[in-house]
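Keep the view open as you read.

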Amino acid sequence: MSPAHLTTLAFDADDTLWQNEQYFRTAEEELVSLLADYADKDTLLAHLLEVGKRNVVSHGFGMKTFTFSMIDTAIDVSGGQVPAPVIGRILALGKEILNHPVELLPGVADTLESLAGQYRLILITKGDLFHQENKIAQSGLRDLFEAVEIVSEKSAETYAQAFARHGDGPQASMMIGNSLKSDVIPALRVGSWGVYVPHPLTWAFEHAEAPLHEPRFREIETLTQTVDVIQALKD
């Protein structure tokens, strides 16, 4: 199918449309300070990452799982001796992120508005249902999307089903996001276009090798360049 048949554009949310990971990093820095008596920074963050990877399998992605992981880490590195006030502060850190105002990335609103008149836009994001719904509502972008999918995990099957439900199938669709692992590679596997928009703070769990051999893979510096990518496909 030629690029002229592109009808559907799907976007990731966190760290693609708005800031997200920077709040997790701020919480991690305070966690390092809170647990300085039990572990050095590198040891602590390495343990937190491993605990987080295990917890997403059973609890899914999102702030609540991250909070569980911080508490688990505090208990582990302290040998169960972490004081109750520290646990209380960790819980407060989680709540602060849950309640943090949405901060759109530069140019996002204008870019989506310009594309909405020409293509069917859908939002595909993963994480805690209530938190993601709240962020979408706060963003002011909801009306630009013809459909929103909040999923527990992003896989090739996720995109195949979403593009069948809300578009004209994978071949006529493009997925844009900051995670090679979750946004780009699974979409490419079902025949969609995959556009990678790097974010400097993408969680290590989402890292993967860029699929440079894939003819439908593109990489851009900012979301605003999505327009240029699409135009180049038409030329």
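This is a predicted model: local features need pLDDT of at least 70, side-chain atom pairs count only at pLDDT 80 or more; totals for chains, interfaces and linings use all residues.

Residues are numbered from 1 along each chain as its sequence is written, and side-chain values use heavy atoms, with hydrogens and water left out.

Start with the cores. A nonpolar core here is a set of buried Ala, Val, Leu, Ile, Met, Phe, Trp, Tyr and Cys residues joined through side-chain atoms within 4.5 Å. Buried means under 20% relative accessible area, exposed means over 50%, and partly exposed is in between (1.4 Å probe, protein chains only). The largest such core has 26 residues, and L9, F11, L17 and M174 are the ones that touch the most other members. At least two residues of this core come from each of β1 (8–11), α5 (108–116), β2 (120–126), β4 (173–177), β5 (193–196) and α9 (226–234). Those labels are DSSP runs numbered from the N terminus, with helices being H or I of at least four residues and strands E of at least two. Click on F11 and look around: leaving aside residues up to four places away in sequence, F11 touches L17, L112, L115, L121, I122, L123, I124, F145, M175, I176 and L223, where contact means heavy atoms within 4.5 Å. Apart from this core lies another, of 20 residues, including A27, F66, I87 and L93.

Now for the charges. Side chains of opposite charge can pair when their charged atoms come close. Counting a salt bridge as a side-chain nitrogen of Lys or Arg within 4 Å of a carboxyl oxygen of Asp or Glu, the whole structure has 13 of them. One joins D128 to K64, with the closest N and O atoms 3.5 Å apart. This pair links distant parts of the chain, since D128 sits in the loop between β2 and α6 (129–139) and K64 in helix α3 (residues 63–77), 64 residues apart. D128 is buried at 18% relative accessible area, whereas K64 is partly exposed at 41%.

Next, find E149 and R165, whose closest N and O atoms are 2.9 Å apart in another salt bridge. E149 is in strand β3 (residues 147–151) and R165 in helix α7 (residues 156–166), so the bridge ties together parts 16 residues apart in sequence. E149 is buried, at 13%, and R165 is partly exposed, at 49%.

How far apart are the closest N and O atoms of D183 and K154? They are 2.7 Å apart, in a further salt bridge. With D183 in helix α8 (residues 180–189) and K154 in the loop between β3 and α7, the pair ties together parts 29 residues apart in sequence. Both ends are tucked away: D183 is buried at 1% and K154 is buried at 6%. Through shared partners, salt bridges join D12, K154 and D183 into one network.

Finally, stop at D15, in the loop between β1 and α1 (21–34). Most residues other than glycine have a negative phi, and most peptide bonds are trans. The phi of D15, however, is positive, near 65 degrees, and D15 is buried, at 6% relative accessible area.
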